[in-house]
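Let's take a friendly tour of some charged side-chain pairs. Have the viewer ready, and follow along pair by pair.

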Amino acid sequence: MKIYRVGGSVRDELLGRPVQDRDWVVVGATPEEMVALGYTPVGRDFPVFLHPETHEEYALARTERKTAPGYHGFVVHAAPDVTLEEDLARRDLTINAMALPADFTPASGPNSLEEHLIDPYGGLRDLRARVLRHVTDAFREDPVRILRVARFAARFADFQVAPETLALMREMVAAGEVNHLVPERVWQELARGLMETAPARMFEVLRACGALAVLLPEVDRLWGVPQRADYHPEVDTGVHVMMVLQQTARFAASLPVRFAALTHDLGKGTTPPNVLPRHIGHEERSVRLLGPLCERLKVPKDCRELADVVAREHGHIHASLGFSAAATVRLLERCDALRKPARFADVLLACECDARGRLGYEELPYPQRERLLQALAAAQSVDTAAVAAAAAARGARGPAIGAAVHAARVAAVEQAGLSAPDKPASGCA
């Protein structure tokens with residue numbers, strides 16, 4: 001029995017990045033031997049075991065054979081005669097197909113890592129060249145690898161996809177492999193890519209190989225759609241959305257905020273050509289497109305709800321500097337800000353990213369965010385129970401009590417000096 005550390009931890013150690021999770025491969029062992037040594041079996045599709053002390057995963061070396069479309073269509077062969085090189089050959093990228101002996105420690109010097117590296121497919125070469133390259137032609141057997149390459153492009157912003165790998169990805173898309181991906185796995189990879197340092201690169205790679213048109217046609221159709229240059233000097237809607245997405249990374253925003261940034265302008269892809277570059281009513285069209293997209297990909301509720309508010313209200317939020325106190329409170333109520341203030345703060349962050357995600361606007365202030373947070377605080381200061389009781393004492397019932405609470409909130413916002421300021425609104429068409 002021989003044990004090796006493989007995959008991402010080896011890659012990240014070579015890059016000088018923090019090592020998060022460690023993966024292990026066991027060569028020359030049987031499941032029975034692993035159990036006898038105290039390992040706990042956990043793998044359903046192939047033999048994986050938890051270490052009795054560290055609880056890290058140890059997988060028996062294995063090979064895979066394609067038997068059906070999609071990423072479930074595999075027969076796995078795990079046996080003592082499977083070599084480490086055979087196990088590494090089934091991995092996606094060369095930079096993830098390197099290994100180190102389990103007993104390796106870097107104590108012997110900075111160069112000892114490379115001296116002990118097991119690298120049959122040129123991963124170190126590609127790491128130094130900043131290239132994402134598939135290991136073997138077996139890459140084409142698993143469509144999830146298309147998503148993984150795009151995600152790694154988002155993580156390693158200075159890496160380029162090898163031309164032959166991109167060509168192979170295009171062939172897989174043309175062969176219909178992407179159509180067999182299950183929604184949960186697509187969302188899992190998209191969500192991880194959205195949280196990387198350069199999330200826009202994931203969509204650039206997916207678009208380059210044709211997978212974006214299959215997985216997210218609502219987003220893919222945004223490229224080539226013009227916007228008014230006076231609001232959007234970058235003009236192209238797809239370019240704008242990617243700029244917005246990069247702003248969310250700059251602000252270290254949460255996943256719901258990043259998903260909202262990705263989907264806030266979906267309606268611009270369905271604007272009638274005869275009215276371009278104007279996009280009147282695109283907010284409502286964005287909301288209508290968002291629902292089916294979220295259903296199709298099984299998007300979590302928090303992401304879906306935030307994206308819905310941002311798609312529907314971002315135009316009003318951009319224009320809110322010119323709102324009266326009454327209009328401001330109506331906006332807060334439509335956003336359900338009084339019940340969900342934390343979500344409203346995320347809505348405002350997404351809108352600030354939208355405003356900054358325009359060519360030349362990246363460093364401009366966004367006073368709408370602070371003003372609306374102040375307005376929310378003023379509205380929250382109203383003692384609604386007291387207002388409702390006073391209204392009821394006057395004989396008000398039902399909607400009339402709600403109207404009294406609304407009027408009190410409007411008065412509070414007005415008293416805070418947040419009604420119809422002289423400063424003109426900053427639009428974002």
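A residue is called buried when its relative accessible area is under 20%, exposed when that area is over 50%, and partly exposed in between. Glu305 has a relative accessibility of 26%, so Glu305 counts as partly exposed. Please keep in mind that this is a predicted model.

The partner of Glu305 is Lys340, and their side chains form a salt bridge with an N to O distance of 3.8 Å.

Asp308 and Arg312 meet in a salt bridge at 3.1 Å, N to O. Because the two residues are 4 positions apart in helix 15, about one helical turn separates them. Asp308 is partly exposed at 25% relative accessibility, and Arg312 is partly exposed at 29%.

Elsewhere, Asp230 pairs with Arg228, with 2.6 Å between the closest N and O atoms. Asp230 reaches 48% relative accessibility, which makes it partly exposed, and Arg228 is partly exposed at 30%.

| Salt bridge | N to O distance |
|---|---|
| Asp230 and Arg228 | 2.6 Å |
| Asp308 and Arg312 | 3.1 Å |
| Lys340 and Glu305 | 3.8 Å |

How many salt bridges does the structure hold? The count is 31. Salt bridges also link Arg125, Asp126, Arg133 and Glu164 into a network.

Note on methods. Residues numbered from 1 in each chain as written. Predicted model: local features only at pLDDT ≥ 70, side-chain atom pairs only at ≥ 80, totals over all residues. Heavy atoms only, no water. Salt bridge = Lys/Arg side-chain N within 4 Å of Asp/Glu carboxyl O. Buried < 20%, exposed > 50% of the residue type's maximum accessible area, 1.4 Å probe, protein only.
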